[in-house]
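I opened the model to look up its helix packing, its sheets and its domains. These are my notes, in the order I took them.

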Amino acid sequence: MKTENSKHLFDRAMAVLVEGCSSASRGPLNYHPYPAYIREGKGARLWDVDGNEYIDWQLSFGCLPLGHAHPKIVEIVQEKVAGGTHFATTLEVEVETAELMVGMLPHVDKVRFANTGTEACMTGVRMARGITGKRKVLKFEGHYHGWYDGLLVSSNPQPVTTLGHPNDPVRIPDSSGLTPGSWEDTLVCVWNDANALERMLKIHSHEIACVVMEGAMSNMGVIPPKPGYLQQVQEMCRAHNVLFYLDETVTGFRVAPGGAAELYGLQPDIVTYGKALGQGFPVAAIAGPDHIMESIEYGKVLHYGSHNAPRLGLYAAKTMLEEMSRDNNAGWAKINAIGEEVTQLLNQVAKDTGQNMRVQNVGSMFHPVFTDLEEITGYRDFCGHVDLAKYGRFSQLMRDQGVFFTGNRILHNLSCTAHTQADIDRTIDAAGNALEQL
Ligand SMILES: Cc1ncc(COP(=O)(O)O)c(C=O)c1O
């Protein structure tokens with residue numbers, strides 16, 4: 001594979017961009033010695049500046065349920081851009097998109113638009129504190145909710161020897177520059193373990209504003225919740241008078257039309273969306289029932305933003321929702337079926353080649369990990385039993401064959417409506433070759 005143009009761009013980039021990119025996971029940390037600079041995408045395909053073609057399974061970290069440059073998205077954005085990009089006023093498309101969302105989300109009465117998942121999560125936590133008057137937030141080991149100070153604790157994989165006792169996980173700050181309040185007010189619990197949460201709530205519920213979690217763990221590969229666990233969490237939150245905040249930045253409009261809440265039968269108090277919602281544009285949302293959402297009315301709990309409800313992004317979001325829901329939600333049925341098939345075939349090819357690769361999925365989200373465990377059920381399994389370097393080599397071997405698996409060792413891969421059976425077959429062939437070479 002020729003990569004001279006990417007190499008040349010990387011040399012230029014290193015002179016003017018930190019790490020040659022704008023977010024660490026896109027740069028040489030995950031793509032060694034330099035990343036492919038992508039020039040164009042269409043459907044499930046990417047092309048880099050050297051003309052190499054890839055089948056894309058990274059899909060912009062989950063932002064593209066319809067794939068790249070879907071004709072309907074291109075058409076609406078081309079039509080609307082000529083009428084202006086942003087007015088910082090209220091918009092017809094804002095109302096229409098919110099109406100569509102509320103119609104699909106039985107646990108939601110109102111929506112407030114933001115731009116990124118991080119902003120939405122920041123607002124969700126502030127709302128929980130404002131509503132309850134309590135200061136602490138309980139999050140889970142290995143769950144990531146963006147890069148807001150108050151949630152930047154214990155989100156990254158660490159050596160198991162540093163994690164502490166599961167009854168009292170060591171709170172590990174994920175960054176320099178955090179104030180002590182960031183982790184003093186952020187309690188950390190082991191996920192997928194109802195007893196662990198019950199214990200924490202018994203001790204701390206009087207000071208906990210909300211329990212925040214991803215419905216399926218998606219920033220340590222893909223770890224599904226144990227059957228019944230999320231319902232137990234919701235019941236415990238209700239019993240202890242703590243708000244249940246489901247961060248659907250990844251799972252929303254991805255695992256089902258109503259996200260993880262629909263898939264697992266939940267009625268969270270606070271929900272946040274991002275990624276898939278904007279179909280490649282930065283659109284996020286905070287949502288919930290009226291009695292929760294009224295907290296941000298007139299800035300009682302403050303949520304502002306010059307770029308909130310971006311006009312073109314909302315046209316993309318609305319079009320995505322319409323396209324995915326067509327024919328009784330055929331879009332979601334399709335991406336989930338592809339995710340299931342790829343998962344099953346990758347697991348088969350791992351078996352056939354005698355490699356210790358296991359692929360876990362929730363619908364369209366899937367991820368291969370190299371482990372001797374039968375199943376990864378939590379963060380501590382992931383930290384102690386997953387060979388991240390081997391995934392790094394595997395994903396590079398895939399990209400060398402024109403199959404773009406994310407180079408980020410702790411994230412996941414995804415399907416979109418544009419993937420074809422031929423794409424799946426080529427991907428499985430490439431995986432067979434890569435596993436033989438490992
Ligand atoms: C579960 C979850 N919440 C929040 C975020 C932050 O979203 P953003 O990157 O749009 O700020 C992410 C990003 O990966 C995420 O996975």
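**Helix pair H11 and H14**

I began with a helix contact: in H11, Ile338, Glu341, Val342, Leu345, Leu346, Val349, Ala350 and Thr353 meet Ile424, Thr427, Ile428, Ala431, Gly432, Leu435 and Glu436 of H14. Contact here requires C-beta atoms, placed from the backbone, within 7 Å. Helices (H or I, at least four residues) and strands (E, at least two) are DSSP runs, numbered from the N terminus. I sorted the residues of the H11 contact with H14 and got 10 nonpolar, three polar and two charged. For this sorting, Ala, Val, Leu, Ile, Met, Phe, Trp, Tyr, Cys and Pro are nonpolar, Asp, Glu, Lys and Arg are charged, and the others, Gly among them, are polar.

The model is predicted: local features need pLDDT of at least 70, side-chain atom pairs count only at pLDDT 80 or more, and totals for chains, interfaces and linings use all residues. Residues are numbered from 1 along each chain as its sequence is written.

Next I took the geometry. The axes of H11 (residues 311–353) and H14 (residues 421–437) come within 10 Å and cross at roughly 30 degrees. H11 is therefore roughly parallel to H14 (angles under 35 degrees count as roughly parallel, over 145 as roughly antiparallel, 65 to 115 as roughly perpendicular and the rest as oblique). Axes are lines fitted to C-alpha atoms, for helices over the stretch in contact, and angles run from 0 to 180 degrees between N-to-C directions. I noted the H11 and H14 crossing as right-handed (the near helix is turned clockwise from the far one by less than a right angle).

**Seven-strand sheet**

I traced an open sheet of seven strands, ordered S4-S10-S9-S8-S7-S5-S6, with mixed pairing. Strands pair if DSSP finds at least two bridges between them. S4 (110–114) and S6 (186–189) are the edge strands, each pairing on one side only. On average, neighbouring strands of this sheet are turned by 20 degrees against each other, direction ignored.

I then checked one pair. S9 (residues 270–273) and S10 (residues 284–288) are antiparallel, over three bridges. Val271 stands opposite Ala287 in S10. Helix H5 (residues 117–132) packs on the sheet and touches strands including S4, S9 and S10; its direction makes about 170 degrees with that of S9.

**Four-strand sheet**

The order of this open sheet of four strands is S1-S2-S3-S13, again with mixed pairing. S1 (38–42) and S13 (403–404) each have a single partner strand, so one side of each lacks a neighbour in the sheet. S3 (residues 53–56) runs parallel to S13, joined by two bridges. I found Phe404 in S13 as the bridge partner of Asp56.

**Domains**

I looked up the domain assignment: domain 1 (26–69 + 327–437) and domain 2 (71–321). Such bounds come from an automatic or database assignment. The C-alpha centres of the two lie 25 Å apart. Their contact takes 30 residues from domain 1 and 33 residues from domain 2. On the domain 1 side, H12 gives the largest share, five residues. That side divides into 17 nonpolar, 12 polar and one charged.

Most residues other than glycine have a negative phi, and most peptide bonds are trans. I logged two entries. A cis peptide bond joins His32 and Pro33, with omega about 0 degrees. Glu19 has a positive phi, near 60 degrees. Pro33 sits in the loop between H1 (4–16) and S1, and Glu19 is in the loop between H1 and S1.

Key:
Contact = placed C-beta atoms within 7 Å.
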